[in-house]
Amino acid sequence: AERTARMTELTRALGSLPLQFHFPLSTVSHDWLSEAVRYFGPMKILRWREKAGELAGWVPTEEETWQLQSRQALMSILACAKWTLERVAPAKPLLFGATLRPATDSDRVTFAPLAFEWAEGPAADPLQLALQLSMSTEEVKLQVEMISGGWSDWSESWSLEAGTLQVEMSTAICGQDEGDKLMLHQVLGAECLEVTGEAHRVATAEKLIAVVCLSQLRWGADAPPWRPRELRRLETRARA
């Protein structure tokens, strides 16, 4: 009876998250349900990032609920979450989830930009974490940017590309089965992105899902005027 009550509690906890299961959770073991609640519970959802208007800045807009079609899909995503956490510093990292939507159809696949916004600070200075992934048979590129005041056209940004931001970040990308996965690891201060897997095989999969783990960041210029506490605790300074 106690185990049944615990299973009911875990199922209810999963039902409160932005996930939809199209298979009976009774087919999943107690241990796997516990793992799902552990990883998905604190996960933040990255929304698609779009321009708010002609004279406005970029903002996170739509969010797509994860549609898990099978037990295998759940296992695949859990494997991705575990991998990202194994690759980062043993702090309390931030875990994000996203559905990837191809924005172009060519030899190079570029996915729609994603963002998460912390809006609890000063009204004029919400902070956004923005990501965009693109891949070809020769290269995988992950753009990472922090934007202060992202709703406005006077926003200020820090990015890997400009050298004003450094991050320790692991990203795992998978489809709805236990097939090919693409693993990306950005080491703090490194110029190159570590890539494991074949990008062209993953890019053609349907309903790609990404799990992103941010464990450290370093500002290459003056930090934004406001940052949430959970982000400040990941900040590290360059060694003298």
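Visitor: By class, what does the lining of the second largest pocket have?

Guide: In this predicted model, a pocket is an open set of points on a 1 Å grid over the protein atoms alone, with protein on both sides within 12 Å along at least five of seven lines, and lining residues have an atom within 4 Å of a point. Ala, Val, Leu, Ile, Met, Phe, Trp, Tyr, Cys and Pro count as nonpolar, Asp, Glu, Lys and Arg as charged, and the others, Gly among them, as polar. The lining has three charged residues, no polar ones and six nonpolar.

Visitor: Which residues line the second largest pocket, and what is its volume?

Guide: Residues are numbered from 1 along each chain as its sequence is written. The lining consists of Arg38, Tyr39, Pro42, Lys44, Leu85, Pro93, Leu94, Leu95 and Glu230. The volume (the space filled by probe spheres set on the points, joined across faces, edges and corners) is about 160 Å³.

Visitor: What lines the largest pocket, and which residues lie nearest its centre?

Guide: The space in the largest pocket is about 530 Å³. Its lining has six charged, seven polar and 13 nonpolar residues. Of the 26 lining residues, those nearest the centre are Leu142, Gln143, Val144, Leu160 and Glu161.

Visitor: Does Glu117 count as buried or exposed, and why?

Guide: Buried means under 20% relative accessible area, exposed over 50%, and partly exposed in between, with a 1.4 Å probe and protein chains only. Because its relative accessibility is 18%, Glu117 counts as buried.

Definitions and conventions: This is a predicted model: local features need pLDDT of at least 70, side-chain atom pairs count only at pLDDT 80 or more; totals for chains, interfaces and linings use all residues. Side-chain values use heavy atoms; hydrogens and water are left out. On a 1 Å grid over the protein atoms alone, a cavity is a set of points where a 1.4 Å probe fits but cannot get out, and a pocket is an open set with protein on both sides within 12 Å along at least five of seven lines; lining residues have an atom within 4 Å of a point.
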